[in-house]
Amino acid sequence: MADDVVFAPVRQLAEGIRARRLSPVELAETFLDRLERLGPRYNAVVTVTRARALEQARRAAAEIAAGRYRGPLHGVPYGAKDLLATSGGIPTTWGAAPFRDRCFDFDATVVRRLEEAGAVLCAKLAMVELAGGMGYRQPNAAFTGPGVNPWNREAWSGGSSSGSGSAVAAGLVPFAIGSETWGSILSPAGNCGLAGLRPTYGRVSRHGAMALCWTLDKLGPLALTADDCGLVLEAIAGPDPADRTTVDRPFRYDGATTSRRFRFGVLRDITDGCEAEVRESFARSLEILRGLGTVEEVTLPDLPYDDITRTILFAEAASAFEDLIESGAIAELTAPEDRYTAYARDAILAKDYLKALRLRGVMAREADRVLASLDALVAPGRSGVAPMLGGEVRSAIRGSARDVMGAVGNGAGLPAVAVPNGFGARGLPTSLQFMGRAWEENTILAAARAYQSVTDWHRRHPADA
Amino acid sequence: MSEPEAVRAEVETMLALVRERYGPRLDAEQLAGVRTALEGIVQAARALRAVRLTSAEEPAQPFAAYRAEP
């Protein structure tokens, strides 16, 4: 099969499959071969699911040949972050050595929905151990090794959906599923020059996904384009009796081209603390966005946003992993700091956690008040390019960096999409994020598509891959 | 007590709790790491406590009375 399928967007692959120019089986074999051959280069893969993939691909081919086309993911390969339960003897490791051989006997709802959409599961993808919930400070925080960035193999691919980022950027799968508690979709998307969509909290069922923080965890796609993220979201969104936080708000992706004008907001001083190249990329992006609509400076009231979301995250993670922490099994984790940092969280007072939950309500209302007159808040996706493999991971979660957009967006459960918007130091990508009101995925995706329609950053791919 | 002294005192109190629960598992370097983590937790907590809210401001948390169907 021609190499030009490797970096083809999902929409393009879908057109080829539907028109029977592309064979789902050959497509699966192409990406399975790449996963097996190149996956180790990027520490991107935990398990290549060859048998399941070929079975699904053959079924897709037969259905399509019989005229039963399911939709744009039918016959399209993908990878799932290895915190999503998979049946059939495929391990689900959570990136953590204590669970490296653990298997479930059911599929996570997202995996099941993608199967129903006809997508082909080709790999379980590497991740930071326990999705970074134990306080890691370095890229080497998984039993599979640090996620390697296809743009620069001395750099990290981002966390915690590191394999999801590396695999899509290196053309090992056309799209992947990641999870975000605070930054774990937008960070690898930004570091790897991809589109990454964090849906509204409650949009996508987490049933069968590792719980890190019950009120912060979200699942979403990483892909080559914002448009592809919309296609994937439609397949995985929707209420699920097995996850009572899901909401019965039907999502139909509107991928139509629009000539509408957008209203963008930028938080005052949002680029403070950003690397120079990130500021330059963002300034160029704002010029482009002014051609697509209006850009105005906005402010949020002075609240301790990072502290609100951080306190919720730490307290819930301490409870979610209570057994692992209290048993001392965290001593088996890879990053040395992951073996003890969580002990500190026993000291979070219930009163302080509740105060954070009370302030979360204020934060959510204030964010919505600002967003009500906008289509999206825009900001750099990350304050810097990906750190080097031997470097420190600066993180707002630990307080070593500031991330108001991430704190508000995740704390209030708001959707955001990141897309590439340039390159910074060491040839590494920079990114632009669009954050919208709750349930406004179609709006932010339309804005991101409009941006990508007049830029070509998403058409550039690592020479290494 | 100055703010830094108050933070330090709270951190030491919390550290004593962690040492009581997990001390035998932790060497000196790890305890120092726990102390650093505690400093962040205490700073965050104090920032939260500094914001005044009315008692009507409830936690943003769903809870519903439960009754099995039907």
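How many helices and strands does chain B have? Chain B has 2 helices and 0 strands. The legends below describe a predicted model.

**View 1. The overall form of chain B.** With its 2 helices and 0 strands, chain B has a radius of gyration of 18 Å, well over the 11 Å that the globule rule gives for 70 residues, so chain B is more spread out than a compact globule. Along the principal axes, its C-alpha atoms fill a box of roughly 55 × 35 × 15 Å. Of the 70 residues in chain B, 24% count as buried.

**View 2. The contact between chain A and chain B.** Here 31 residues of chain A are in contact with 26 residues of chain B. On the chain A side, two or more residues come from each of α9 (305-320) and α11 (350-371). The largest share, 11 residues, is given by α11(A). By type, the chain A side divides into 16 nonpolar, 6 polar and 9 charged residues.

**View 3. The open sheet of chain A.** An open sheet is formed by 11 strands of chain A, in the order β1-β3-β2-β6-β8-β7-β12-β13-β11-β9-β10, with mixed pairing. Its edge strands are β1 (45-48) and β10 (293-298) of chain A, each of which pairs on one side only. From one strand to the next, the twist averages 30°.

**View 4. Strand β12 of chain A and its two neighbours.** Strand β12 (residues 416-423) of chain A is mostly covered, with 7 of its 8 residues buried. Strand β7 (residues 195-198) of chain A runs antiparallel to β12(A) and is joined to β12(A) by 3 bridges. Leu197(A) stands opposite Val417(A) in β12(A). Strand β13 (residues 429-435) of chain A is also antiparallel to β12(A), and 7 bridges join the two. Met435(A) in β13(A) is the bridge partner of Ala416(A). The hairpin of β12(A) and β13(A) has 5 residues between the strands, and Arg426(A) takes a positive phi near 60° there.

**View 5. A helix lying across the strands.** Helix α12 (residues 404-411) of chain A lies across β6, β9, β11 (376-380), β12 and β13 of chain A. The helix runs at about 40° to β13(A).

**View 6. Helix α4 of chain A and its cover.** Which residues of helix α4 (residues 109-116) of chain A are buried? They are Thr109(A), Val110(A), Val111(A), Arg113(A) and Leu114(A). The cover over these residues includes the strands β2 (77-81), β3 (120-125), β6 (175-180) and β8 (218-223) of chain A, along with the helix α7 (226-236). Just after α4(A), Gly118(A) takes a positive phi of about 90°.

**View 7. The helix pair α7 and α13 of chain A.** The axes of α7(A) and helix α13 (residues 441-453) of chain A come within 8 Å and cross at roughly 155°. Angles over 145 degrees count as roughly antiparallel, so α7(A) is roughly antiparallel to α13(A). From α7(A), the residues Ala226(A), Asp227(A), Cys229(A), Gly230(A) and Leu233(A) meet Glu441(A), Leu445(A), Ala448(A), Arg449(A) and Gln452(A) in α13(A). The residues of this contact divide into 5 nonpolar, 2 polar and 3 charged.

How values were computed. Residues are numbered from 1 along each chain as its sequence is written. Chains are lettered from A and ligands numbered from 1 in the order in which they are written. This is a predicted model: local features need pLDDT of at least 70, side-chain atom pairs count only at pLDDT 80 or more; totals for chains, interfaces and linings use all residues. Helices (H or I, at least four residues) and strands (E, at least two) are DSSP runs, numbered from the N terminus. The radius of gyration is taken over C-alpha atoms; the globule rule is 2.2 Å times the number of residues to the power 0.38. A residue is buried if 20 or more other C-beta atoms lie within 10 Å of its own, exposed if 12 or fewer, and partly exposed in between; C-beta atoms are placed from the backbone. Two residues are in contact if their C-beta atoms, placed from the backbone, lie within 7 Å. Ala, Val, Leu, Ile, Met, Phe, Trp, Tyr, Cys and Pro count as nonpolar, Asp, Glu, Lys and Arg as charged, and the others, Gly among them, as polar. Axes are lines fitted to C-alpha atoms, for helices over the stretch in contact, and angles run from 0 to 180 degrees between N-to-C directions. Angles under 35 degrees count as roughly parallel, over 145 as roughly antiparallel, 65 to 115 as roughly perpendicular and the rest as oblique. Two strands pair if DSSP finds at least two bridges between them.
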